[in-house]
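Visitor: I am new to this structure. Please show me how to read it.

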Amino acid sequence: MIKLYINCKKKKGYINPEIYGHFSEHLGRCIYEGLYVGEESEVPNVKGMRKDVVAALRELKIPVLRWPGGCFADEYHWKDGIGPKKERKKMINTNWGGVIEDNSFGTHEFFELCEQLGCKAYVNGNVGSGSVQEISEWVEYMTLDGTSPMADQRKKNGREKPWKVDYFGVGNENWGCGGNMTPDYYAHLYRRYQTFVRCYDKDAPVFKICGGANGDDYEWTEVVLRECHRSPAPPEAHGFMDGLSVHYYVGVEKGLHKGSATEFDQKDWFYTLNRALRMEELICRHGAIMDQYDPEKKIGMIVDEWGCWHDVELGTNPGFLYQQNTMRDALVAGITLNIFNRHCDRVKMACIAQIVNVLQSVILTEGADMILTPTYHVFHMYRYHQGAELVESYLEGGKQIGQDDTQSIYNVQESVSEDCEGILTITLNNLDPNDDQEIEIILQEKEKGQVVEAKILHGDMRSYNTFEKPDHVAEEVFTNYEIKDRGLKLVLPACSVLLLRIK
Ligand code: AHR
């Protein structure tokens, strides 16, 4: 029997809703087909945005959307994506399949999408192949109220009022597809480029994100912080950076292949989940470097790309990164979001890669049809953590499962929060593909709890949804618990993600 102790009185920090963010890139069928079909499409849409996809995403309460990339951001020239669509310049998407990008989805369309989703906007600028002037004019175009060359052009293109750019990324993966730079070189460019990300409305500051490390590249973090963390004199007293990104993907490495999304064995299962749990180590180690330069934790860690990266589905364009999504992906999402919650003092935003039809998506589409993936259901169950207070919790008696050092993991993972109405949200993961686990939840400092909602997502480790069987893996009401004097007892099924809400 595992015991989960919850110390209801001990609050450990605010869970920024943006930890539950998403990423949309001009890659494969993410933007085109997945989110945007154009106004002339037979697929039901509002101003070109798919009605079904927008409605499903609204259910997740998605807090923030990152766009236009990814690698694509560092070859995107925003002026090609404004004005009459027929006149927009076409380009080759060299990173992703060499297909023609017609720029019919640009700045205005992105903000329209954010408005329909009710989410914040995270725009990623081009440092790799773009100029300071381009970034500076883009920010002016998007955010300046009043008269200026860029604001006037925006108005001419049909948008009178400026938009709010909540987050602005200064380049992407500049150690790789964003320019193959050394950390020193990027750090100096960053200082320069970010200077021209002007704040035109002091009530709507733009949160500037410095491009961060690939996985465990701690040297990158060290150098960019050393060169860029310090606060210059007012009026820019908030410093050169408000956030520093980290990217981390999880996959099985099989020579040149990553392994199939759906055909895998238990060895791959343990390997993948072990890799996902490494997120904790990355946060701690990058966080320790950040603590040296920023002990007050003013700079947010922004994990703006994370998730599973498998081989593409057979017969699909290798440059489109289209993959299926099983209970293994659901567990990776559950584990990772629990880790982010537990580190909410430093992790201020995270974006799963990517929102629709690319990598670990929450939605897959085929023509006018759409299905929700197991990962969608995890985000749906976890939505209650957004904006809640992390509560101290402790697991006792967990079992080590898996076969050797690269695969061995503890079978149960958790996080707990309390919302403004005093309702506790407990999310539990059983990483064991075979065995159920009995758990006793002990609510310290709280009288008998009343369960207000209990949902479970479970199945065989390889189960997934298809267009023929869209609800094969879906949330179900969970009843296998028993109320006790100071908490409850339950049986957590093998391979599952559980949501419990207790008053
Ligand atoms: O998400 C796919 C790609 O992965 C992004 O474009 C890039 O930033 C990362 O390497």
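Guide: We will go through the ligand, the cavities, a helix and some backbone details.

Guide: This is a predicted model, where local features need pLDDT of at least 70, side-chain atom pairs count only at pLDDT 80 or more, and totals for chains, interfaces and linings use all residues. Residues are numbered from 1 along each chain as its sequence is written, and side-chain values use heavy atoms, with hydrogens and water left out.

Visitor: How many residues surround the ligand?

Guide: A residue counts as near a molecule if one of its heavy atoms lies within 4 Å of it. Here 13 residues surround the ligand. The closest are Glu 25, Cys 71, Glu 173, Tyr 249 and Glu 305. By class, the shell has 7 nonpolar, 3 polar and 3 charged residues. Ala, Val, Leu, Ile, Met, Phe, Trp, Tyr, Cys and Pro count as nonpolar, Asp, Glu, Lys and Arg as charged, and the others, Gly among them, as polar.

Visitor: Which side chain has an N or O atom 2.7 Å from a ligand oxygen?

Guide: A polar contact is a pair of N or O atoms within 3.5 Å; within protein, one must be able to donate a hydrogen and the other to accept it, and residues adjacent in sequence count only if both atoms are side-chain atoms. The side chain at 2.7 Å is that of Glu 305. For Tyr 249, the distance to a ligand oxygen is 2.8 Å. For a polar side-chain atom of Asn 172, it is 3.0 Å. The protein covers 94% of the 280 Å² of accessible area that the ligand has on its own. Such areas come from the Shrake-Rupley method with a 1.4 Å probe; for residues, only the protein chains shown count as cover.

Visitor: How many cavities does a search of the whole structure find?

Guide: Rolling a probe the size of a water molecule over the atoms shows where empty space is left. On a 1 Å grid over the protein atoms alone, a cavity is a set of points where a 1.4 Å probe fits but cannot get out; lining residues have an atom within 4 Å of a point. Grid points are joined across faces, edges and corners, and a volume is the space filled by probe spheres set on the points. The search finds 3 cavities of 30 Å³ or more.

Visitor: Which residues of H2 are buried?

Guide: Helices (H or I, at least four residues) and strands (E, at least two) are DSSP runs, numbered from the N terminus. Buried means under 20% relative accessible area, exposed over 50%, partly exposed in between (1.4 Å probe, protein chains only). The buried residues are Thr 107, His 108, Glu 109, Phe 110, Phe 111, Glu 112, Leu 113, Cys 114, Gln 116 and Leu 117. That is 10 of the 11 residues of H2 (residues 107–117), so the helix is largely enclosed by the rest of the structure.

Visitor: What is omega for the bond between Trp 67 and Pro 68?

Guide: Most residues other than glycine have a negative phi, and most peptide bonds are trans. The bond between Trp 67 and Pro 68 is cis, with omega about 5 degrees. Another cis bond joins Ala 353 and Gln 354, with omega about -10 degrees.

Visitor: Is Glu 33 buried, partly exposed or exposed?

Guide: Glu 33 is partly exposed, at 39% relative accessible area. Its phi is positive, about 85 degrees, although it is not a glycine. Leu 359 also has a positive phi, about 50 degrees. Leu 359 is buried, at 1%.

How values were computed:
On a 1 Å grid over the protein atoms alone, a cavity is a set of points where a 1.4 Å probe fits but cannot get out, and a pocket is an open set with protein on both sides within 12 Å along at least five of seven lines; lining residues have an atom within 4 Å of a point.
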